[in-house]
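Visitor: I would like to learn how to read the features of a protein model, one at a time. Could you take me through this one?

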Amino acid sequence: MNQEGKTLVKEAGSVEGQQFLIDGCKECKIYIVDWTAQITVDCCTGCTIFLPPCESSVYLRDCTGCTVVSACQQLRLGVASDIDSILYCTTNRTT
């Protein structure tokens with residue numbers, strides 16, 4: 001994606017349960033409004049991200065200062081800092 005300062009929308013019917021990647025965005029508002037199998041968010045800074053119900057995992061890697069709204073089976077964080085989340089997750093938290 002590699003976008004900056006934009007509002008990005010992935011409309012219903014455009015993902016159709018496939019894996020989805022959000023990569024390299026800065027200060028964006030991102031709305032995914034279609035169901036997905038798995039979502040990976042890489043190298044994003046200062047974004048607000050609204051994700052649909054995801055049948056598997058949401059991965060956040062190398063992200064800073066983002067807000068994420070999601071419903072998933074599992075949320076995975078890798079080198080993520082200053083993340084605010086509103087989350088419904090079906091698995092228990094681990095450290």
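Guide: We will go through the sheets, then some side chains and their contacts.

Guide: A word on the basis: this is a predicted model, where local features need pLDDT of at least 70 and side-chain atom pairs count only at pLDDT 80 or more, while totals for chains, interfaces and linings use all residues. Residues are numbered from 1 along each chain as its sequence is written, and side-chain values use heavy atoms, with hydrogens and water left out.

Visitor: How do I read a sheet, and in what order do the strands of the five-stranded one come?

Guide: Strands of a sheet pair through backbone hydrogen bonds, in either a parallel or an antiparallel way. Strands here are DSSP runs (E, at least two residues; helices would be H or I, at least four), numbered from the N terminus, and two strands pair if DSSP finds at least two bridges between them. In this model, five strands make an open sheet with parallel pairing, in the order β1-β3-β5-β7-β9. At its edges are β1 (7-10) and β9 (84-89), each pairing on one side only. From one strand to the next, the twist averages 5°; angles run from 0 to 180 degrees between N-to-C directions, with axes fitted as lines to C-alpha atoms, for helices over the stretch in contact.

Visitor: What is the strand order in the four-stranded sheet?

Guide: That open sheet runs β2-β4-β6-β8, with parallel pairing. β2 (19-23) and β8 (74-78) are its edges, and each has a single partner strand, so one side of each lacks a neighbour in the sheet. Neighbouring strands in this sheet are turned by 10° against each other on average, direction ignored. β2 and β4 run parallel and are joined by five bridges, and Q19 has Q38 in β4 as its bridge partner. β4 (residues 38-42) and β6 (residues 57-61) pair in the parallel sense over four bridges.

Visitor: How many aromatic pairs does the structure hold?

Guide: A pair of aromatic rings is described by the distance of the centres and the angle of the planes. Rings of Phe, Tyr and Trp (its six-membered ring) pair if their centres lie within 6.5 Å; planes under 30 degrees apart are stacked, over 60 edge-to-face, and the rest tilted. The structure holds one such pair: Y31 and F50 are stacked, 4.9 Å centre to centre with 0° between the planes. Y31 belongs to β3 and F50 to β5 (residues 48-53), 19 residues apart. Y31 counts as partly exposed because its relative accessibility is 28%, and F50 does so at 31%.

Visitor: Which residue forms a salt bridge with R61?

Guide: Side chains of opposite charge can pair when their charged atoms come close. The cut-off is a side-chain nitrogen of Lys or Arg within 4 Å of a carboxyl oxygen of Asp or Glu. The structure holds one salt bridge: R61 pairs with D42, their closest N and O atoms being 2.7 Å apart. R61 lies in β6 and D42 in β4, so the pair ties together parts 19 residues apart in sequence. D42 also stands opposite R61 in the sheet. R61 is partly exposed at 39% relative accessibility, whereas D42 is buried at 13%.

Visitor: Is T36 buried or exposed?

Guide: T36, in the loop between β3 and β4, is buried, with a relative accessible area of 0%. Contact means heavy atoms within 4.5 Å. Not counting residues up to four places away in sequence, T36 touches V15, G17, Q18, P52, P53, C54 and E55.

Definitions and conventions:
Buried < 20%, exposed > 50% of the residue type's maximum accessible area, 1.4 Å probe, protein only.
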